[in-house]
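Please look at the model below before reading on.

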Amino acid sequence: MLLSAALLADLILGLGLFAVIILTVYVTKRFKNAWVNRKIIHLSTVPAVIAYMYFFKEPYVFFSFSIFFTVMLILPHLRGSELRWFQIKDNYGEVFYCISFAILSMAMWNLDRVFAGLVMLFMAVGDSVTGLIRSRFLKRRGKHWTGTVVMFLVCSLIGFYFLSYDGILLALAATLAERQPWLDDNLSVPLITTLMGLFLRLY
């Protein structure tokens, strides 16, 4: 059975975006700080998120690549052979990042894919900038007030652009979700921000 024109167009676009991410992954092999490398790789997903919001005709290609990356990233952890330049033993943050994108992309497509993309941008840009700023002050992984302030400012700009003042409320929710110490922020940010967005939408 031949692919539909829409699905074929999505696939071609998806392969191009996939290439950008894979290229970034291998470029970061030159750098030594795994935490910084993770954030650079996260930033490379921004074009894919924008494509999801405005250019993909269906969610399936984006979802499929998100699942592909989830599987490819969890396998090294299960084998004990992490890709050391960006994977950390016993830390599954990058896996959670990909599975969060997969779930959001399917669950929110028919409801509000621009909102779903906004949540992804909070992770891809806001959380990444936070980590990069914190790396200037901390030699190990941890929370620092400078990163929290920068995340709120960056997410507020993104949120306001897409959703006006509601976007700033979502930025605050995302920042608090990232700051809390109990749940990996690659799960807490999309979960809390999505719940806040649904609350604002319904009430």
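Which residue forms a salt bridge with Arg201?

## Basis of the model

This is a predicted model: local features need pLDDT of at least 70, side-chain atom pairs count only at pLDDT 80 or more, and totals for chains, interfaces and linings use all residues. Numbering starts from 1 along each chain as its sequence is written, and side-chain values use heavy atoms, with hydrogens and water left out.

## Salt bridge to Arg201

The partner is Asp112, with the closest N and O atoms 3.6 Å apart. A salt bridge here is a side-chain nitrogen of Lys or Arg within 4 Å of a carboxyl oxygen of Asp or Glu. This pair links distant parts of the chain: Arg201 sits in helix α8 (residues 185-202), Asp112 in helix α6, 89 residues apart. Helices are DSSP runs (H or I, at least four residues), numbered from the N terminus.

Arg201 is partly exposed at 47% relative accessibility. Asp112 is partly exposed too, at 24%. The classes are buried (under 20% relative accessible area), exposed (over 50%) and partly exposed (in between), with a 1.4 Å probe and protein chains only.

## Other salt bridges

The count comes to four salt bridges. Among them is Asp127 with Lys39, whose closest N and O atoms are 2.9 Å apart. Asp127 belongs to helix α6 (residues 109-134) and Lys39 to helix α2, 88 residues apart. Asp127 is buried, at 3% relative accessible area. Lys39 is buried as well, at 13%.

Glu82 forms a salt bridge with Arg84, at 3.8 Å between the closest N and O atoms. Glu82 is buried, at 7% relative accessible area. Arg84 is exposed, at 52%.

## Helix α2

Helix α2 spans residues 34-43. Its buried residues are Ala34, Asn37, Arg38, Lys39, Ile41 and His42. An α-helix has 3.6 residues a turn, so residues three or four places apart point the same way.

At the start of α2, a side-chain oxygen of Asn33 comes within 2.9 Å of the backbone nitrogen of Trp35.

## Nonpolar surface patch

Leu3, Leu8, Leu11, Ile12 and Leu15 form a nonpolar patch on the surface. Together they have about 440 Å² of accessible area, computed by the Shrake-Rupley method with a 1.4 Å probe, where for residues only the protein chains shown count as cover. Patch residues have over 30% relative accessible area and no salt bridge; nonpolar side chains (Val, Leu, Ile, Met, Phe, Trp, Tyr) are joined within 5 Å, like charges within 9 Å.

Leu3 lies in the segment before α1 (5-27). Leu3 is partly exposed, at 47% relative accessibility.

Definitions and conventions. Helices (H or I, at least four residues) and strands (E, at least two) are DSSP runs, numbered from the N terminus. A polar contact is a pair of N or O atoms within 3.5 Å; within protein, one must be able to donate a hydrogen and the other to accept it, and residues adjacent in sequence count only if both atoms are side-chain atoms.
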